[in-house]
Amino acid sequence: MSRTIRKKHLLAGLATAGVLGVGIAAPTIAFAADATPTPSASSTTDGPGALKADRQGEFAEALAKELGVPTDKVTAALEKVREQQRADRPERPSTEDRQAALKERLDQAVKDGKLTQEQADAITKAVEAGVFPGPGGHRGPGGHGGHGGPGGTAGK
């Protein structure tokens, strides 16, 4: 029976590795197959922000051409829609509010017998150390893969 369990674990591990490999390789191949974008007039700096601005400019130009309207009119309309969407988004709870909510949930889990107090304390320490993903699914308070300390000042 032990051998059967080991085989199942091995097969599950190989399947997981295969899925991860495809999940990593497919976007990489797709990205590599993309034509190199030509810089637009809006790109004044290097980095991810400039690339995003280039893509947005190209999108506005293509949309303007398709609709038969000036590019600046499309750009202004897109910016207006973005501003409306930002205004409609609910405000994110503060760090203190999120920590208080987590503490309440952990206290309830301890009370219900789902966690021990030691486990709850370990989770709290891990959150404070930035081990768990922060807002937007990024790692810790430092953002993309950053590791922040209890103060959450990394990457700022």
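## How to read a crossing

A crossing of two helices is called left-handed if the near helix is turned anticlockwise from the far one by less than a right angle, and right-handed if it is turned clockwise. Keep that in mind, since it comes up for two helix pairs below.

Before we start, note that this is a predicted model, where local features need pLDDT of at least 70 and side-chain atom pairs count only at pLDDT 80 or more, while totals for chains, interfaces and linings use all residues. Residues are numbered from 1 along each chain as its sequence is written, and side-chain values use heavy atoms, with hydrogens and water left out.

## The overall picture

What is this protein built from? It has five helices and zero strands, so you can read it along the sequence as α-α-α-α-α. Here helices (H or I, at least four residues) and strands (E, at least two) are DSSP runs, numbered from the N terminus.

The protein has 156 residues, and 12% of them count as buried. Buried means under 20% relative accessible area, exposed means over 50%, and partly exposed is in between (1.4 Å probe, protein chains only). The accessible surface comes to about 12500 Å², and 60% of that belongs to carbon and sulfur atoms; such areas come from the Shrake-Rupley method with a 1.4 Å probe, and for residues only the protein chains shown count as cover. Now look at contacts (heavy atoms within 4.5 Å): among those between residues at least 6 apart in sequence, 7% join residues at least 24 apart.

## H2 meets H3

Helix H2 covers residues 48-67 and helix H3 covers residues 71-88. Their axes come within 8 Å and cross at roughly 120 degrees. Axes are lines fitted to C-alpha atoms, for helices over the stretch in contact, and angles run from 0 to 180 degrees between N-to-C directions.

That angle makes H2 and H3 oblique to each other. For the cut-offs, under 35 degrees is roughly parallel, over 145 roughly antiparallel, 65 to 115 roughly perpendicular, and the rest oblique. The crossing of H2 and H3 is right-handed. On the H2 side, the residues in contact include Phe 59 and Leu 63, and on the H3 side they include Val 74 and Leu 78.

## H4 meets H5

Helix H4 (residues 95-111) packs against H5 at an angle of about 160 degrees, with the axes 9 Å apart, so the two are roughly antiparallel. H4 passes H5 in a right-handed crossing. Leu 102, Leu 106 and Val 110 in H4 meet several residues of H5, among them Ala 120, Ile 123 and Thr 124.

## A closer look at H5

After H5 comes Gly 130, with a positive phi near 80 degrees.

Thr 124 sits in H5 and counts as partly exposed at 31% relative accessibility. Its C-alpha atom is 8.5 Å from that of Gln 99, 25 residues away along the chain.
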